[in-house]
Amino acid sequence: MNMPWYRKKSEFLFFIFLALVCVALSYQINFPSRDYVRKFEISSDKADYYIYLPATFIYGWDVNKFQKNVDIERQGFTLDYKTGKVLDKTTCGVAILWLPFFLVAHSIALIFNLQPDGFSPFYEHFSVIPGPIFLVLGLFFLRRFLKRYFTPFISYLTVILLFLGTNLYYYSIDEGLMSHVNSFFLFCLYLFLLTKFLDREKKSTVLFIGISFVVSLAILIRPTNIIILSWMAFIDAKSWKDVKDRFLLFLRPKYVLIFIAAFVITFLPQLIYWKYLTGSFLYYSYPGEGFTNWKNPRLISFWFSPLNGLFLYSPLVLTFVAGSIWMIIRKVPNGIFTFFFFFLVSYIFSSWYCWFFGGSFGCRPFIEYFALLSVPFGYFLSKLSELKNLFIRSLLILFIIACCWFNLKTTYNSQWVTFSTWSWDDYLENLEMAGLAKDPGRTYTYINDFENSDAAPVGQTNIRYHSATMGGSLDAQVLETAVFSRNLGQILKNPVKRITLSLWVNQRYGIKTGAIYQCYITDEKNEVIFKKEFEIDPVIHRADYWYELRQTIRIPEWINQYSIITFKVINPQKSELYIDDQKLIFE
């Protein structure tokens with residue numbers, strides 16, 4: 001039965017209204033005052049995704065036409081004046097999606113003489129629009145997809161809670177220039193088109209062409225997205241016979257040729273860029289980065305670590321997994337598929353060398369996959385509404401509301417996570433800043449496991465480590481590493497009286513290094529007023545073995561708590577030394 005015209009109209013009005021609200025929210029969070037421009041919105045990874053557009057339509061890929069030092073300011077792409085090339089490690093998939101928005105922005109800048117250089121404040125302000133728009137388009141197609149399984153109310157509720165209760169909100173409203181919300185839109189559109197294609201007894205070639213281009217663009221944005229091809233075989237499959245029939249359907253020569261053609265057309269701009277950059281049509285632009293943890297995936301850390309753990313920053317995802325299990329128990333189609341797909345995605349991304357994905361707000365590589373996981377989430381919500389036990393139903397409803405509140409509070413008080421894998425005290429401090437917890441502040445434990453390069457910018461290495469996959473190192477080039485420096489008054493609510501320090505050390509050849517673990521306190525004039533030094537050599541008894549240096553420091557009462565305390569390892573003899581798992585307990 002066709003939907004009445006007034007219901008169709010109300011659906012479009014709802015999503016148009018949501019788009020306007022999201023654009024307004026994006027401006028509010030990115031530009032809190034009229035004259036404010038965050039320095040810079042188009043920067044880092046976002047500048048990498050974006051640079052294809054001004055380079056093509058403004059500068060003609062001529063590095064000499066760009067503003068001087070624009071690459072240094074933006075800290076993403078590189079202008080190589082020796083080769084005359086624009087160096088960019090990301091692919092152009094996101095730029096292809098942004099193209100209509102950029103052309104509109106650039107046309108307006110040209111007409112009204114708004115410094116049409118691709119990087120002026122006008123472009124910065126315009127850059128926050130695509131994220132919310134692709135978010136709402138994604139939610140629109142996702143709701144269209146979900147209504148095949150659930151009532152209109154549950155399908156609407158699912159997409160709204162998915163938005164409010166996960167870091168999809170952050171990466172569309174605050175960081176819409178990142179790739180994730182763009183992939184989320186493509187995944188939602190893919191599910192919508194795929195199920196429409198499968199539902200028709202007479203398969204539509206036009207629909208399959210659309211599917212092929214959407215999947216190709218998603219793979220171009222992030223090559224690991226190739227795993228969504230499995231959705232063709234498993235979505236709504238009720239038996240292995242269904243899976244086999246799907247394979248036979250999509251492996252027909254007609255469909256294979258259509259997909260190959262769409263894939264080549266979509267990838268053609270990228271192949272041309274790689275040819276321009278390297279002289280070859282194929283190029284791996286992430287040298288030194290890869291899935292180095294295949295045999296030792298960091299699953300527990302990936303899910304539960306204070307360092308961007310999936311469940312710790314988006315606890316609502318627990319209901320997605322619960323919904324999958326519930327579907328499996330009730331033998332509902334897609335239950336087993338979504339459950340195992342969740343583990344597949346977790347395994348892949350926890351195997352990445354940087355399993356926490358750098359500076360992030362929560363577990364960002366999972367965002368696009370929320371499109372598929374909305375199915376078990378919708379099932380969870382539909383069964384929740386049918387629960388007869390009022391107490392359990394009320395608790396689960398309160399949990400969902402709390403998850404949304406938690407997500408919004410942490411979003412508006414977010415910081416890039418710069419601490420280590422199990423730094424619970426730092427995580428608690430973040431929750432306190434968001435108004436979600438109260439830290440008594442009696443003790444504070446600082447941990448540096450050298451996994452996070454933001455916390456260990458000097459001497460990080462994967463050659464030798466005491467735990468996990470990374471450690472720290474000193475050698476002829478690295479003569480010292482500052483591993484902690486902070487105002488004493490910021491550490492505890494009461495004066496710091498005692499510090500217990502621990503550092504694991506390793507000398508490859510067992511020779512004397514002369515290295516010293518140093519603690520000193522400086523006053524407001526940057527003069528040293530207190531100092532303790534501990535030799536590292538005495539704790540090392542044999543070569544290539546890890547030993548713990550452990551000491552206690554008592555802070556004199558006369559020390560002003562506004563003074564700066566610093567811990568560092570110094571390497572005056574330029575010796576080779578490995579360090580890991582630093583721990584400082586302040587009391």
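Tutor: We begin with a cut-off: a residue is buried under 20% relative accessible area, exposed over 50%, and partly exposed in between. Keep in mind that this is a predicted model.

Student: Is E576 buried, partly exposed or exposed, and what class does that make it?
Tutor: The relative accessibility of E576 is 21%. Buried would require a value under 20%, and exposed a value over 50%. E576 therefore counts as partly exposed.

Student: Which residue forms a salt bridge with E576?
Tutor: Side chains of opposite charge can pair when their charged atoms come close. Here the N to O distance is 3.5 Å, and a salt bridge needs the two atoms within 4 Å. E576 lies in the loop between β11 (564-570) and β12 (577-586), and its partner, 68 residues apart from it, lies in the loop between β7 (498-506) and β8 (516-522). At 33% relative accessibility the partner is partly exposed, and its name is R508.

Student: How many residues apart are E175 and K46?
Tutor: E175 and K46 form a salt bridge, with their closest N and O atoms 2.8 Å apart. E175 is buried at 4% relative accessibility, and K46 is buried at 7%. E175 sits in the loop between α9 (170-174) and α10 (180-199), while K46 belongs to helix α2 (residues 44-50), which puts the two distant parts of the chain at a separation of 129 residues.

Student: What is the distance between the closest N and O atoms of D199 and R148?
Tutor: D199 lies in helix α10 and R148 in the loop between α7 (130-146) and α8 (152-165), so the pair ties together parts 51 residues apart in sequence. R148 is partly exposed, at 34% relative accessibility. The two residues form a salt bridge, and their closest N and O atoms are separated by 2.5 Å.

Student: How many salt bridges are there by this rule?
Tutor: The rule asks for a side-chain nitrogen of Lys or Arg within 4 Å of a carboxyl oxygen of Asp or Glu. E175 with K46 is one of the pairs that meet it. Counted by this rule, the salt bridges come to 19.

Methods: Residues are numbered from 1 along each chain as its sequence is written. This is a predicted model: local features need pLDDT of at least 70, side-chain atom pairs count only at pLDDT 80 or more; totals for chains, interfaces and linings use all residues. Side-chain values use heavy atoms; hydrogens and water are left out. Helices (H or I, at least four residues) and strands (E, at least two) are DSSP runs, numbered from the N terminus. Buried means under 20% relative accessible area, exposed over 50%, partly exposed in between (1.4 Å probe, protein chains only).
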